[in-house]
Amino acid sequence: MRKELAAKNTILEEININISNIKQKHQFIAEKINVLIDAIEGLNNELKGIVANSTNNTGEIGAKEEAIANANKQIDEQKLLIDTLNKEIEEAKETKEKQNKEHKEFFEKREALSERISALDKEIYRLSSQKEGLEEKRENKERYMWDEYELTYRNALEVKPEGEINKSDVKENILNIRKEMRSLGDVNINAIEEFKEINERYQFMKNQHDDLMEAKENLLQIIDELEVGMRKQFKEKFAEIKKEFDIVFKELFGGGKGTIELTEADDILDAGINIISQPPGKKLQNMMQLSGGEKALTAISLMFAIQNLKPSPFCLLDEIEAALDGSNVIRFAEYLHKLTENTQFIVITHRRGTMNCADRLYGITMQEKGISTLVSVDLLDKDLEADNQSA
């Protein structure tokens, strides 16, 4: 309706503008007619003067008469135009009256609608107030139901019995339930929160336990794999050491036989090792039954066998040949000197045979009391000088 009113107002403004334009044209034409009438009167007066003054000016009179006729013709045309404009003005007035009438009807209709809208607003306000009151009552009922029975509206619908409800039976049932609740004694209000905390802790510990069990299984699997690899590698290396031990033993003892054996055990990794030694001219027997020198030389043979299989770049020996006799010391020193190609040995010794095979000697002396002095001899340089002199 507002759009329709705006459209009609626009049409009315256009009509008013057309009427104003027509009125301006009418006024302009009226002024022009007055000017022409004044001109005609002036021409008539002038004609009269000319007729009075001279009867010979017929030509001028004819021209004046022709001008008068033209002016009369223009007057007639302007009158026709005025009539046309008056008709248009009348039509515009009729259209304006019609639009004013429609405009008035529109305003009456709008007032009626405004009254209806106002009535509807009042009804809405009344219904909103009624709705708020009902919602407040519903909230009070739900609050009462929760405070008294700890039930929500949805839970109440779920436990609502089918059919008609006997209020007396319900009240009696409520009394019985309350008696049972009182008979339960004090209630731990924080039980739910405690349950949540304990449950969270349980879940955390359970996840930790599952992770530990999984890690345990992985570790056991890795241990099994390592034990399998260790057993395999132990068997291979034990066989190699056994073979190399016999070779080194024969070279250090000048014959005989040396071997190592595993004691009986369920697991090869838990088994013990027996060292069996047979020096030249003796029977095969356990290492514990040998003399001190033979034990030392057997142990040295086993050490050199391991060293031969996996040479280390550096090795320190502290008087390991102290229990050997002179001939065995020489064999030990010569064999030790052969191993210096891959390993550097530092030997602490008091035996001359070992010193004779050394490349360098370092000794500590105390010429003055409380003052130690280091003495070193490079045997390699002396050997080179001796070779040069002999050459």
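Colleague: Does Cys 315 count as buried or exposed, and at what relative accessibility?
Modeller: In this predicted model, local features need pLDDT of at least 70 and side-chain atom pairs count only at 80 or more, whereas totals for chains, interfaces and linings use all residues. Residues are numbered from 1 along each chain as its sequence is written, and side-chain values use heavy atoms, without hydrogens and water. Buried means under 20% relative accessible area, exposed over 50%, and partly exposed in between (1.4 Å probe, protein chains only). Cys 315 therefore counts as buried, at a relative accessibility of 13%.

Colleague: What is the relative accessible area of Cys 357?
Modeller: Cys 357 belongs to the partly exposed class. The reason is its relative accessible area of 23%.

Colleague: How many disulfides does a search of the whole structure find?
Modeller: Across the whole structure, the number of disulfides found is zero.

Colleague: In which helix is Glu 97 found?
Modeller: Glu 97 counts as exposed because its relative accessibility is 56%. Helices are DSSP runs (H or I, at least four residues) numbered from the N terminus. The one that holds Glu 97 spans residues 58–149 and is helix α2.

Colleague: Which helix supplies the largest share of the lining of the largest pocket?
Modeller: The largest pocket has a volume of about 1000 Å³, and its 24 lining residues include Met 145, Tyr 149 and Leu 151, among those nearest its centre. At least two lining residues come from each of α2, α3 (153–159) and α4 (167–183). The largest share, eight residues, comes from α4.

Colleague: How many charged residues are in the lining of the largest pocket?
Modeller: Asp, Glu, Lys and Arg count as charged. Beside 14 nonpolar residues and one polar residue, the number of charged residues in this lining is nine.

How values were computed. On a 1 Å grid over the protein atoms alone, a cavity is a set of points where a 1.4 Å probe fits but cannot get out, and a pocket is an open set with protein on both sides within 12 Å along at least five of seven lines; lining residues have an atom within 4 Å of a point. Grid points are joined across faces, edges and corners, and a volume is the space filled by probe spheres set on the points. A disulfide is a pair of cysteine sulfur atoms within 2.5 Å.
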